[in-house]
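Trainee: Before we look at any single feature, could you take me through how each one is to be read, giving the general idea and then the case at hand?

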Amino acid sequence: MGSRASEASCFVPQGRLDFLFEEIGQHDPGCKRPIKLKPGIEVTAEFGGVGNCYRYTLEHRFNPGDLSVLFCLMNPSRADLCFTDHTVMKCGRLTVRWKFNKLIVVNSCAYRATQAKDLLNIDDPVGPDNLA
């Protein structure tokens, strides 16, 4: 399966939130304006493929405790260990509003793309390790 990563793996060049994906060899899912995660959110994720083009799981822990909520979405976009996207932000707000401690996001297609239509151009949008 893909590699498991945590918040310790988060690399953001000092003062540069608009870093280029090519500089660090990462897959660019197409998001033009990444949103920096708020401090204090513990993040873990499982990625795979060349340049982490697949994201299998994403977890945001907001508070201590075991109460978790699971969102199953179509495909991941920009959200990773350092940044979030609007969909994951909304899921996070619901998680906190509903008094859960942890958000877990999984996707039926693991390929990271901002536009769902991009999945039609990928040989394996589900991902070789998804649902394994």
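**Reading the features in turn**

Mentor: Let us begin at the surface, where Lys38, Lys90, Arg93 and Arg97 form a positive patch. This is a predicted model, in which local features need pLDDT of at least 70 and side-chain atom pairs count only at pLDDT 80 or more, while totals for chains, interfaces and linings use all residues. Residues are numbered from 1 along each chain as its sequence is written, and side-chain values use heavy atoms, with hydrogens and water left out.

Trainee: Which rule decides that residues form a patch?

Mentor: Patches are made of residues with over 30% relative accessible area and no salt bridge, like charges being joined within 9 Å and nonpolar side chains (Val, Leu, Ile, Met, Phe, Trp, Tyr) within 5 Å. Lys and Arg count as positive and Asp and Glu as negative, whereas His and the chain ends are not counted; the place of a charge is taken as NZ of Lys, CZ of Arg, CG of Asp or CD of Glu. Accessible areas come from the Shrake-Rupley method with a 1.4 Å probe, and for residues only the protein chains shown count as cover.

Trainee: Is Arg97 buried or exposed, and where does Arg97 lie?

Mentor: Buried means under 20% relative accessible area, exposed means over 50%, and partly exposed is in between (1.4 Å probe, protein chains only). Arg97 counts as exposed because its relative accessibility is 58%, and Arg97 lies in helix α1, residues 86-97. Lys38 is also exposed, with a relative accessible area of 64%, and has its place in the loop between β2 (35-36) and β3 (42-48).

Trainee: How are helices and strands assigned, and what order do the elements of the protein chain follow?

Mentor: Helices (H or I, at least four residues) and strands (E, at least two) are DSSP runs, numbered from the N terminus. The protein chain has 1 helix and 7 strands, and from the N terminus on its elements run β-β-β-β-β-β-α-β. Of the 132 residues of the protein chain, 43% count as buried.

Trainee: How many salt bridges does the structure hold, and what counts as one?

Mentor: A salt bridge is a side-chain nitrogen of Lys or Arg within 4 Å of a carboxyl oxygen of Asp or Glu, and the structure holds 2 salt bridges. In one of them Glu59 pairs with Lys102, the closest N and O atoms being 3.4 Å apart. Glu59 lies in strand β4 (residues 54-61) and Lys102 in strand β7 (residues 102-107), so the pair ties together parts that are 43 residues apart in sequence; both Glu59 and Lys102 are buried. A salt bridge also joins the side chains of Asp80 and Arg78, at 2.4 Å from N to O. Asp80 is buried at a relative accessible area of 12%, and Arg78 is buried at 0%.

Trainee: Where does Thr57 lie, and how far apart are Thr57 and Val106 in space?

Mentor: Thr57 lies in strand β4 and counts as buried because its relative accessibility is 16%. Thr57 and Val106 are 49 residues apart in sequence and 5.0 Å apart in space, C-alpha to C-alpha.

Trainee: How many disulfides are there?

Mentor: A disulfide is a covalent bond between the sulfur atoms of two cysteines. The criterion here is a pair of cysteine sulfur atoms within 2.5 Å, and by this rule the count comes to 0 disulfides. Cys109 is in no disulfide, the nearest cysteine sulfur, that of Cys72, being 9.8 Å away.

Trainee: Which phi values does one find at Asn52 and Lys99?

Mentor: Most residues other than glycine have a negative phi. Asn52, although not a glycine, has a positive phi of about 60° and lies in the loop between β3 and β4. Lys99, also not a glycine, has a positive phi of about 70°; the place of Lys99 is in the loop between α1 and β7, and Lys99 is exposed, with a relative accessible area of 65%.
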